[in-house]
Amino acid sequence: MEKLVITGKTPLNGEVVISGAKNAAVAILPATLLINGCCTIENLPNISDVKLYCEILEKLGAKIEWLSPHEIKIDNRNITSHIAPLDTTRKFRASYYLIGALLGRCKEAEVGIPGGCNLGNRPIDQHIKGFEALGANVEVSQGNIKAKAKKLTGTSIYMDVVSVGATMNIMLASVLAEGTTIIDNPAKEPHVVDLANFLNTMGADIRGAGTDIIKINGVKELKGNATYSIVPDQIEAGTFMLAAIASKGDITIKNCITKHLESIIAKIEEIGGNVDANGDHLRVWYSKRPTKANIKTLPYPGFPTDLQPQMGVVLAGASGTSIINESIWESRFQYTDELRKMGANITVQGKTAIFEGIESLSGAPVNATDLRAGAALILAGISAKGITEIYNLNHIDRGYENIEEKFRKLGAKIERISE
Ligand code: EPZ
């Protein structure tokens, strides 16, 4: 078993380059199944979810050539199966995109139910609602989701809940449908827009991604024969922005899209942090102890739930009493149990957490309970007095490329130790 060992109170200083977005890559990879041809994908993050997806696609008949750790050429002319078994799909959440992609390509999909971070109840009723509206018959039995359609016909679908996964899954299933599909009340995250941009590059006709209405005009086929570069990871960029404040440092974040970071910039400036944003890079630096803040996580462009734990580390050391309201997930405060082991004063009541700021956290052995909680614990270890050991690194490795290397280059005393 591996652990990260961090020696704290180390201000982080220097430059970090952001990788391609995990949540875009894990939608764009299955989207290649819709292409009866080849395409090249650049700026893939070198993370375990991407490697796992490539293994799944090869089992379905895809031919993948790795041009570099961040670039693949993929040929999906010969897809031989519409079945993705539970033993692989349960390893992560984004396997659910195989349903929409295989349904769109083969008019049939049999996909094991997805796994993913334990954030409480994670239903897929909106995904199923979309598939059925397009004309598919969907049944969930023995841990598998089976979807089948004689024909997929465009229609209007109102999303009862703003859902990233359901928005992208319906997009995948409707790109090759007959007629026009309207998705009303869709998610607008940068990775939703990136999937639409990828599909359009390959020959689809999708308009309005990132707005309140997405319109998909079905096309006969996606020709592919193009190259697409994955969007920079908004959440990784935000993680390093908050690391600059938590560690009392000064970090320049390169290869990001500052437009995607407006809510984080606003909250960092509100608590007394400094941000200088310039298009594809920004600088974040600490000048005084953060003041208290109230955070409510919301769908984009609101404050992202995937940065809530990292913001929690900053507020644990801020002056005064802060409140975080987690409106997306039922159970995304498990990391506060770990921060309490480091001396934090946090009270959780349902979907609200109350932070009484303390001068400094103290190092302790802690467990990563999910991907973003793991990242938050790294920020906590770097800003705490003494030694912190972080276990369950598999969560972190799913979504962050060379995480300890990137922090070490910024001055962190961090080592990955095999026990
Ligand atoms: C995606 O999860 C991300 N994962 C999550 O990031 C992220 O937290 C989440 O979007 C919100 O931004 C990937 O993209 C792989 P949702 P997803 O469908 O698609 C409810 C990370 O750390 N809902 O937008 O599963 C749901 O319960 C991960 O990178 C339904 O009710 O999230 C939740 O309350 C963690 N019915 C809300 O919608 C449905 O059919 C948002 O969920 C679907 C969702």
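**Entry 1**

I began with lysine 3, which counts as buried because its relative accessibility is 10%. The cut-off I used for buried is under 20%. I noted that this is a predicted model.

Next I asked which residue forms a salt bridge with lysine 3. The partner is glutamate 419, and the closest N and O atoms are 3.0 Å apart. Lysine 3 sits in strand β1 (residues 2–8), while glutamate 419 belongs to the segment after β24 (413–418), so this pair ties together parts that are 416 residues apart in sequence. Is glutamate 419 buried or exposed? I found 56% relative accessibility, so glutamate 419 counts as exposed. The cut-off for exposed is over 50%.

**Entry 2: other salt bridges**

I looked up how many salt bridges the structure holds. The count is 23. I reminded myself that side chains of opposite charge can pair when their charged atoms come close.

I picked arginine 77 from the list. It forms a salt bridge with aspartate 75, with the closest N and O atoms 2.6 Å apart. Arginine 77 has a relative accessible area of 52%, so it is exposed. Aspartate 75 has 16%, so it is buried.

Then I turned to arginine 416 and aspartate 397. Their side chains meet in a salt bridge at 2.7 Å, N to O. Arginine 416 is in strand β24 and aspartate 397 in helix α13 (residues 394–399), so the pair ties together parts that are 19 residues apart in sequence. I recorded arginine 416 as partly exposed, with a relative accessible area of 24%. Aspartate 397 is partly exposed too, with 23%. I also saw that a network of salt bridges links Glu2, Asp397, Glu404 and Arg416.

**Entry 3: a buried arginine**

Where does arginine 332 lie? I found it in the loop between β19 (321–325) and α11 (334–341). Its relative accessibility is 3%, so arginine 332 counts as buried.

I checked what its side chain touches. There is a polar contact with the side chain of aspartate 306, at 2.7 Å. I then left aside the neighbours within four places in sequence. The contacts of arginine 332 that remain are Leu119, Thr305, Asp306, Gln308, Pro309, Glu326, Asp370 and Arg372.

**Entry 4: aromatic pairs**

I looked for aromatic pairs and found 5 in the structure. Tyrosine 96 and tyrosine 97 make one of them: their ring centres are 4.6 Å apart and their planes stand at 80°, so I wrote down edge-to-face. Both tyrosine 96 and tyrosine 97 are buried.

How are the rings of phenylalanine 240 and phenylalanine 407 arranged? Their centres are 4.8 Å apart and their planes are at 35°, so this pair is tilted. Phenylalanine 240 lies in helix α8 (residues 234–246) and phenylalanine 407 in helix α14 (residues 403–409), so the pair ties together parts that are 167 residues apart in sequence. I noted phenylalanine 240 as buried, and phenylalanine 407 as buried too.

**Entry 5: a nonpolar patch**

Which residues make the nonpolar surface patch of about 220 Å²? They are Leu86, Ile113 and Val140. I traced valine 140 to strand β8 (residues 137–141).

Key. Residues are numbered from 1 along each chain as its sequence is written. This is a predicted model: local features need pLDDT of at least 70, side-chain atom pairs count only at pLDDT 80 or more; totals for chains, interfaces and linings use all residues. Side-chain values use heavy atoms; hydrogens and water are left out. Helices (H or I, at least four residues) and strands (E, at least two) are DSSP runs, numbered from the N terminus. Buried means under 20% relative accessible area, exposed over 50%, partly exposed in between (1.4 Å probe, protein chains only). A polar contact is a pair of N or O atoms within 3.5 Å; within protein, one must be able to donate a hydrogen and the other to accept it, and residues adjacent in sequence count only if both atoms are side-chain atoms. Contact means heavy atoms within 4.5 Å. Patches are made of residues with over 30% relative accessible area and no salt bridge: like charges are joined within 9 Å, nonpolar side chains (Val, Leu, Ile, Met, Phe, Trp, Tyr) within 5 Å. Accessible areas come from the Shrake-Rupley method with a 1.4 Å probe; for residues, only the protein chains shown count as cover. A salt bridge is a side-chain nitrogen of Lys or Arg within 4 Å of a carboxyl oxygen of Asp or Glu. Rings of Phe, Tyr and Trp (its six-membered ring) pair if their centres lie within 6.5 Å; planes under 30 degrees apart count as stacked, over 60 as edge-to-face and the rest as tilted.
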